[in-house]
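Trainee: Before we start, could you help me see how the words used for a protein model rest on numbers? I would like to go slowly and ask about each term in turn.

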Amino acid sequence: VSRDLRDQELADRLEAAIAHVAPDPADRARSVRRRGSIRRVTRWSAVAAALAVFLGSLGWAAFALRGSSRPTALPAIDTSGWRTYDGLKPWVLRYPPGWHVAPYGAAGGHCGVLISNVDHQFRHPVLPDTQTTAWDFRGLPDDLAVIDLHTCDLGPIVRPTQTIFPLSLDDLPLVTAPPNLRFGAPQPFRVTRIWPGFTLAAWFGPDASAHDRAAAAAVIGSLQVPLPYADAALELPGGWYGRSIQYSHTAALFVATKRDAIEGVIRGCMSGSCFIGSVNALKLGPADAYVQVKGFYLPRSSVTPLPPIRPESFHRSGEWLGAPIMELAGDPAGGGNGHFVITYWMGPQATAQVRSQVVNILSGLHLVGEAAP
Amino acid sequence: VADADAFDRFYRENLARIVRACLLVTLDRPAAEDAAAEAFARLWSKWSQIEDDDHAGGFVFKTAMRLCRKEMSRRRRPVPVDEGPADWTDRASIRQDVAAAIAGLSLRQRQAVVLRDWAGFETKEVARMLSMRESTVRVHLARARQHLRASLGVMKESTT
């Protein structure tokens, strides 16, 4: 007897033992199917629920992470009709009607300014044993929005971040003050150091409206020092492309040349490795030309017009493609508080038309310079 | 409707087979019928993914065996023959000598011998259904056969 036969006999014995078991399938198929359908729905519901939980968790995590560094999307703000404040040299900012500007600091010169949506005289808390430069927010409404720009003191110890103009509220790091230094101030708040010595902070109450947050963002974005020229006042010849930027709170840059010789998106940059727009000489041909202006200004200076710029005032500072790079540097107002460097270059094969265009651009710069306060 | 008809046909043709397989493993008819019903319900819940009757058969057997194992694990150990209720054989709906012989097997041994010798699946199919290596199935199978032959007096080896 082979193993197969013995296994078959075993199988037969098992079969014989249960052969009489014959469950009646009648009327059960439908209930089984119903059970299966419920199971299928349950399974898909569980999958959907798990997916929803997963996506929800993902979204929450993203929101939490984003919330730690970036606010939610803000509505568009119409800044027409906004007022200008230039009382804290060298800054100029714009703020919406209905908001309040409160400069502060020692007599004879302000060293800071508070811009807020509440009409309130901000004070420092009175402490028994010490003094603090923190502001007292106690008793203020929950919908407040406050911006503080100052150079009076060190302020909160924050790591300076790369300062790019126009400034963005989103780029201001979120920090939380120690409990003993909050004095009712909403936490966390945004603050950064604007080199070299200005601190910019923003507080929003828990009920601050999206409109007021957007307005505050626009106020911060409006911060600039006066440019040495105005784009609108500068008419460039056909085929020329000009960019005017402020790349620090004490410096500005103007470039005019053919479009593809100005690299990328020119953004102002205070420190770090961000790109400061300038002429890309490698993209200049022998028939091209450029004009570049850099202006450097010191804080707390007034601004006065410069005399017209004449090409014969320039001196040779370098060479490109065999043609000289001409430069004019100076302190136009003679007060030692301002400095500018104007550079122009005309390729060796530049036509007479291009050369006359350069002269016209130089004479039309309408530069303003710095004077002693 | 076509799907429901096909499922109903498959259900009618295979219900008894699945219940019997579960009965041989659990030795408990209500538990066997519950496991079979649940296995078919799960089959219906995935009916759209089933390719043919062989696929359905493999799925429902595998599911039923898993449910039986779950039921047995819940009970921790099978009801011993000599400790069972008076109507144990009626409840089991299985011949008492066979039930007693099966009761001496482990769960894995029962499943291996039922799927391989009674249901006729190949060893590798049994291994896949029980999530075991084939070698492990063979070991379980050998021990189960040895025990059942001894218990049921199946003809002695190598008499030809």
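Mentor: Let us begin with one residue and keep in mind that this is a predicted model. Leaving aside neighbours within four places in sequence, Glu33(B) is in contact with Pro23(A), Arg28(A) and Val19(B). Glu33(B) belongs to helix α2 of chain B.

Trainee: Why is Glu33(B) called buried?

Mentor: The relative accessible area of Glu33(B) is 19%, and buried means under 20%, so Glu33(B) is counted as buried.

Trainee: What can be said about the cover of α2(B), the helix that holds this residue?

Mentor: Helix α2(B) is mostly covered, since 15 of its 17 residues are buried.

Trainee: How do you know that the length of α2(B) agrees with what a helix should span?

Mentor: Helix α2 of chain B runs over residues 29-45, and at 1.5 Å a residue its 17 residues should span 24 Å. The expected span takes 1.5 Å times one less than the number of residues.

Trainee: What makes Asp28(B) a cap of α2(B)?

Mentor: A side-chain oxygen of Asp28(B) lies 3.2 Å from the backbone nitrogen of Ala31(B), at the N-terminal end of the helix.

Trainee: How do you know that the peptide bond from Gln187(A) to Pro188(A) is cis?

Mentor: The omega of that bond is near -10 degrees, and the bond is cis. In general, most peptide bonds are trans. Pro188(A) lies in the loop between β6 (174-175) and β7 (189-194) of chain A.

Trainee: Why are α6(B) and α8(B) called roughly perpendicular?

Mentor: Helix α6 (residues 107-118) and helix α8 (residues 134-152) of chain B pack at an angle of about 90 degrees, with their axes 8 Å apart. Angles from 65 to 115 degrees count as roughly perpendicular, and therefore α6(B) is roughly perpendicular to α8(B).

Trainee: Which classes of residue make up the contact of α6(B) with α8(B)?

Mentor: That contact has six nonpolar, two polar and five charged residues. Among the residues that meet there are Ala112(B) and Val113(B) in α6(B), and Leu141(B) and Leu148(B) in α8(B).

Trainee: What secondary structure does each chain have?

Mentor: Chain B comes to eight helices and zero strands, while chain A comes to four helices and 16 strands. Buried residues make up 52% of the 160 residues in chain B, and they make up 41% of the 373 residues in chain A.

Key:
Residues numbered from 1 in each chain as written. Chains lettered and ligands numbered in written order. Predicted model: local features only at pLDDT ≥ 70, side-chain atom pairs only at ≥ 80, totals over all residues. Heavy atoms only, no water. Axes fitted to C-alpha atoms, helices over the stretch in contact; angles between N-to-C directions. Helix = DSSP H or I, 4+ residues; strand = E, 2+ residues; numbered from the N terminus. Parallel < 35°, antiparallel > 145°, perpendicular 65-115°, else oblique. Contact = heavy atoms within 4.5 Å. Nonpolar A, V, L, I, M, F, W, Y, C, P; charged D, E, K, R; others polar. Buried < 20%, exposed > 50% of the residue type's maximum accessible area, 1.4 Å probe, protein only. Polar contact = N/O pair within 3.5 Å; in protein donor to acceptor, adjacent residues only side chain to side chain.
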